[in-house]
Amino acid sequence: MSRLAQTHGLSDVQQEIVSTVRDFVDKEIIPVATELEHRDEYPQAIVDGLKELGLFGLMIPEEYGGLGESLLTYALCVEEIARGWMSVSGIINTHFIVAYMLKQHGTREQRDHFLPRMAAGDVRGAFSMSEPALGSDVSAISSKAVKDGDEYVLTGQKMWLTNGGTSSLVAVLVRSDEGHPEGTAPHRSMTTFLVEKEPGFGEVRPGLTIPGKIDKMGYKGVDTTELIMDGLRVPADRVLGGVTGRGFYQMMDGVEVGRVNVAARGCGVAQRAFELGVRYAQQRSTFGKPIAQHQAIQFKLAEMATKVEAAHAMMVNAARKKDSGQRNDLEAGMAKYLASEYCKEVVEDAFRIHGGYGFSKEYEIERLYREAPMLLIGEGTAEIQKMIIGRRLLEEYRFQG
Ligand SMILES: Cc1cc2nc3c(=O)[nH]c(=O)nc-3n(C[C@H](O)[C@H](O)[C@H](O)COP(=O)(O)OP(=O)(O)OC[C@H]3O[C@@H](n4cnc5c(N)ncnc54)[C@H](O)[C@@H]3O)c2cc1C
């Protein structure tokens with residue numbers, strides 16, 4: 001057990017779950033992650049193992065066959081998994097967001113239909129807001145749904161779907177005109193549709209095409225795709241929550257817990273980078289002594305470890321706030337912002353400690369160096385986090401003059 005990033009006040013059950021996941025990561029993920037990543041290969045055996053551990057149902061209520069655990073337990077598991085390989089945490093994350101949105105906003109029928117199979121990992125979720133022309137500015141979504149009898153007809157192009165190919169359920173945010181006349185505020189005219197499809201690529205359902213995997217600099221193994229809707233017919237009972245016009249709020253709720261998850265990923269990757277850096281610093285000698293004995297390198301290690309501790313504490317605080325039933329957008333935004341920036345910095349320092357070898361694909365830090373930047377972008381960029389944090393601070397500290 002590492003000295004850093006301890007979490008106090010966990011129940012026995014939480015401790016057991018997190019330590020089981022940590023063992024799994026050490027035995028089943030770390031030894032194969034870099035090789036699979038270099039081949040951009042989907043980690044099927046790892047996913048099967050996570051399914052067996054019940055990870056796909058970790059936060060799904062027990063009545064639907066899940067483990068009914070808290071956001072904190074979930075985030076600590078994600079931290080462990082990302083320590084092993086960030087892509088694997090990505091496979092779980094969008095599934096988790098969709099399951100959370102169903103639990104919070106789904107109709108009884110939708111929950112009964114999807115959640116038991118999601119808890120078992122048999123139905124896996126992706127969520128889709130971004131389009132080729134927008135990511136931060138969700139209000140500019142141009143994909144459309146038009147009512148036609150008991151169905152909606154969806155048209156438009158979506159971008160950057162994590163698990164777009166491997167999922168069988170996609171929560172898609174589109175603009176719906178029905179009941180929302182011209183001039184309605186953009187966020188009031190958006191609807192989330194629950195789109196079922198076959199996993200795979202090409203035309204996976206009439207009117208729905210997943211063209212192929214986007215080739216990325218890192219975050220490999222997990223598939224990231226576009227999604228094209230061309231006259232895709234979706235029954236009205238697959239509107240999330242049964243009422244149109246609520247999609248924006250439902251997605252923002254999902255993204256808020258997703259931000260704690262991305263913060264947890266940043267913590268996990270930073271921890272691994274620190275482990276690699278502190279080990280290498282004691283193995284490599286220059287000028288007659290291990291580089292760890294040079295004060296400049298010790299200072300680096302000190303800074304890295306302090307960042308690992310700080311990010312973990314903020315992530316845990318944001319998760320606990322949500323678990324207590326309170327609004328946590330401020331804490332989640334801060335945790336996501338800080339953990340992703342610190343992650344990038346800790347990874348860069350570990351890379352520098354490795355000297356030239358850090359540039360070689362033989363060393364794990366090379367993979368981490370390509371993975372960390374994704375956390376600066378996913379679930380909202382640093383600028384978007386700072387906008388959220390700034391607005392919330394002005395609400396809290398309103399000048400009463
Ligand atoms: C690997 C990967 C996986 C992803 N997975 C998903 C997914 O599963 N589902 C999904 O819906 N999306 C996904 N995304 C998309 C992701 O959420 C967006 O890329 C992200 O929100 C940023 O949007 P953008 O790329 O359009 O950048 P833009 O919004 O175009 O921003 C470009 C730059 O401008 C800055 N900027 C934008 N607006 C402002 C402003 N008002 N003030 C100051 N600066 C601003 C941004 O911070 C950024 O630096 C994924 C992206 C990646 C790379």
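This is a predicted model: local features need pLDDT of at least 70, side-chain atom pairs count only at pLDDT 80 or more; totals for chains, interfaces and linings use all residues.
A pocket is an open set of points on a 1 Å grid over the protein atoms alone, where a 1.4 Å probe fits, with protein on both sides within 12 Å along at least five of seven lines. A molecule sits in one if more than half of its atoms lie within 2 Å of its grid points.

View 1. Residues are numbered from 1 along each chain, and side-chain values use heavy atoms. The ligand sits in the largest pocket. Because domain 2 (125–244) and domain 3 (249–396) both give residues to the shell, the ligand lies between them.

**View 2. The surrounding shell.** Ser130, Ser136, Trp160, Thr381 and Glu383 come nearest among the 17 residues around the ligand (a heavy atom within 4 Å). The shell comprises nine nonpolar, seven polar and one charged residue. With three residues, β3 gives the most to the shell.

View 3. Ligand nitrogen atoms lie 2.8 Å from a side-chain N or O atom of Ser130, 2.8 Å from a polar side-chain atom of Thr162 and 2.9 Å from a polar backbone atom of Trp160.

Note on methods
A polar contact is a pair of N or O atoms within 3.5 Å; within protein, one must be able to donate a hydrogen and the other to accept it, and residues adjacent in sequence count only if both atoms are side-chain atoms. On a 1 Å grid over the protein atoms alone, a cavity is a set of points where a 1.4 Å probe fits but cannot get out, and a pocket is an open set with protein on both sides within 12 Å along at least five of seven lines; lining residues have an atom within 4 Å of a point. Helices (H or I, at least four residues) and strands (E, at least two) are DSSP runs, numbered from the N terminus. Ala, Val, Leu, Ile, Met, Phe, Trp, Tyr, Cys and Pro count as nonpolar, Asp, Glu, Lys and Arg as charged, and the others, Gly among them, as polar. Domain bounds come from an automatic or database domain assignment.
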